[in-house]
Amino acid sequence: MHPLLAQRERLLLYLSGWAFLATLLAALTAPGRWTWFEAAALIVPVTLVYAFFSLSIWYLVRAMPLTTVPIPRLVGVHLVGALASSMAMVLVVQGWAAVLRELIRWSVALTAADLRLLFGGGVLLYLLAAATHFLLAAFETSREAERRSFEAQLLARDSELKALRAQIDPHFLFNSLNSISALTSADPAAARMMTERLANFFRASVAAGRQPLITLDQELGLARQYLEIEQVRFGTRLSVAVDADPDVLVLRIPSLLLQPIVENAVKHGIAQTIEGGCVRIEARRRGSQVHVRVTNPVDAESTGGPGTSFGLEAVRLRLRAIAAAEAALDARREARSFVVDMILPSDL
Amino acid sequence: MPIRTIIVDDEPLARRLVREHVSAVTDAVVVAECGNGFEAVKAIQELAPDVVLIDVQMPKLNGFEVLELVEGSFAVIFVTAHDEHALRAFEVNAVDYLLKPVDAARFRQAWEKAISAVQRKTLRPVRTLGALGQKRTDRILIRDGGNVHVVPAEAIDVVLAQDDYVEVRAGGKKYLKQQTMGEMEAQLDPQRFVRIHRSTIINIDRLAKIELYAKDSRVATLKDGSTWNVSRAGYDLLRQLLDR
């Protein structure tokens, strides 16, 4: 659809621009021999027809965009267009003058100088219209690009949120199965218990993943189950402490939000230290907010923390999507520990 | 002669499983089980094993770093839950790469490969990632007998060529490491370390001044007062870095 015909306001603006130019042209061709009114009656209707005719430049601009067609060729095409259209306009003016003479016996006589002036005006008008259409095309293209990038952003955020809904690390499964395999011959009862824990954890996390919100009690339960399984793998290197105020347990939080933080605490904390330590989870109520803190030991000699890890970034994005203003995530490295503080509104 | 084997994994259960697989094959003896890379370096140096079964992900020193620090002729089999290191493993001439959970048939296959290489003496020497020029590191590992020093790159002041070794000076201490200057240069961050001379790499943060003392001959003074010759090529490198 032609962008000027698509909206009435635009078309009106376009035509009033032309009317102004037509009046100007009429003024130029009224060198005393004609009255103002005569000149306008001759020129303005023809120019307005010319205006409508010039709308077709749009299709030329579309077919030969500025970005792909070489400039000399563009200039050539539009120059030929300008000369041809202007020639046509001059012929139409002459015809219209004849009609006027026949119809109401006006004594309008067009001299060669008038025709030259009209021809020049026609060329200029064509070029002006072409420039307008190029501008319009550029405007449309940039708006289209903007719309597409916005759409892409929306799509990306959508799929991101799905992916971020805490994918359980497959290596967790492989390592757990390896532990079970080791226990099978040495301690069959422990192997069976580990199998059950693993099954329960996966079942619970799949169920939690289907719901957008679960209670903090459920989320902490999942974290506990996860850590119990990792305790089998890491033995004495991993101890766990969960400390939550009773009144926060019933509050609802986005499901599996804590899970990647706890996974990080094991993967980047416990697994990177020889002596291991305690993964501590605390949950407190502060007014209309819930404060959750996860602390884990880190290797004192390592420089980086898991602050830029994908897991934490995912949590941060989810928090922003869910409650941008009232939620926050802060992760910091201290001398021998890594601390993640999460603040959530209590009324989710 | 029984095959002398060392098992390295930071997880007790993972070690137990590998030990079980090893004990199922005849003629093998586990001479050491190590729970971390430091123990592994010491054990491999002291016990001269035929086969080393080693995890990649471990605290402080990972499996590749352990191999970088030890000498000797032994077959390496990686045992890990992560498949993404397989290519690197074969580049350092590992005999095989087993994924956890390890299955018995696959273990036997890897073991036979290792044993045949050990017995026919067709073992290819373990290559280090440093020698492959692949690894840029933020710390330098140096073995001193059975002990391992971990020197953070930012703590290094200068690295000097010493015959077949490089001497790493960091915080007033000197460490010798068997490596070439070229390998060392490739491992260190080029934004921070400059080879100012064939036999000298300096940490640019330690540089105090550069002086001309003869035509085409300059001397760099570090903040600790030590002075080092700067070659013409070295000066060009320094200037490139400092101009930026």
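Buried area is the accessible area (1.4 Å probe) that two parts lose on being put together, summed over both. Between chain B and chain A it comes to about 1900 Å², and carbon and sulfur atoms give 53% of that. This is a predicted model: local features need pLDDT of at least 70, side-chain atom pairs count only at pLDDT 80 or more, and totals for chains, interfaces and linings use all residues. Residues are numbered from 1 along each chain as its sequence is written, chains are lettered from A and ligands numbered from 1 in the order in which they are written, and side-chain values use heavy atoms, with hydrogens and water left out.

**Interface of chain B and chain A**

- B:Glu11, B:Leu13 and B:Lys60 supply 30% of the area that chain B buries against chain A, more than any other three residues.
- Chain B brings 21 residues to the contact and chain A brings 22 residues; contact means heavy atoms within 4.5 Å.
- The two chains share 3 salt bridges, each a side-chain nitrogen of Lys or Arg within 4 Å of a carboxyl oxygen of Asp or Glu.
- In one salt bridge, the side chain of A:Arg237 meets that of B:Asp10 at 3.1 Å, N to O.
- Helix H1 (residues 12-24) of chain B gives 6 residues, the largest share of the side of chain B that touches chain A. Helices (H or I, at least four residues) and strands (E, at least two) are DSSP runs, numbered from the N terminus.

**Sheet in chain B**

- Five strands form an open sheet in the order E10-E9-E8-E12-E11, with antiparallel pairing. Two strands pair if DSSP finds at least two bridges between them.
- Strand E10 (173-177) and strand E11 (193-197) are the edge strands, and each pairs on one side only.
- Strand E8 (residues 156-162) and strand E12 (residues 200-203) pair in the antiparallel sense over 3 bridges.
- B:Val158 has B:Ile202 in E12 as its bridge partner.

**Backbone exceptions in chain B**

- Most residues other than glycine have a negative phi, and most peptide bonds are trans.
- The peptide bond from B:Lys100 to B:Pro101 is cis, with omega near -5°. B:Pro101 sits in the loop between strand E5 (96-99) and helix H5 (104-119).
- B:Ala48 is not a glycine, yet has a positive phi of about 40°. Its loop runs between helix H2 (37-47) and strand E3 (51-54).
- B:Asp163 is not a glycine either, and has a positive phi of about 50°. B:Asp163 lies in the loop between E8 and strand E9 (165-170).
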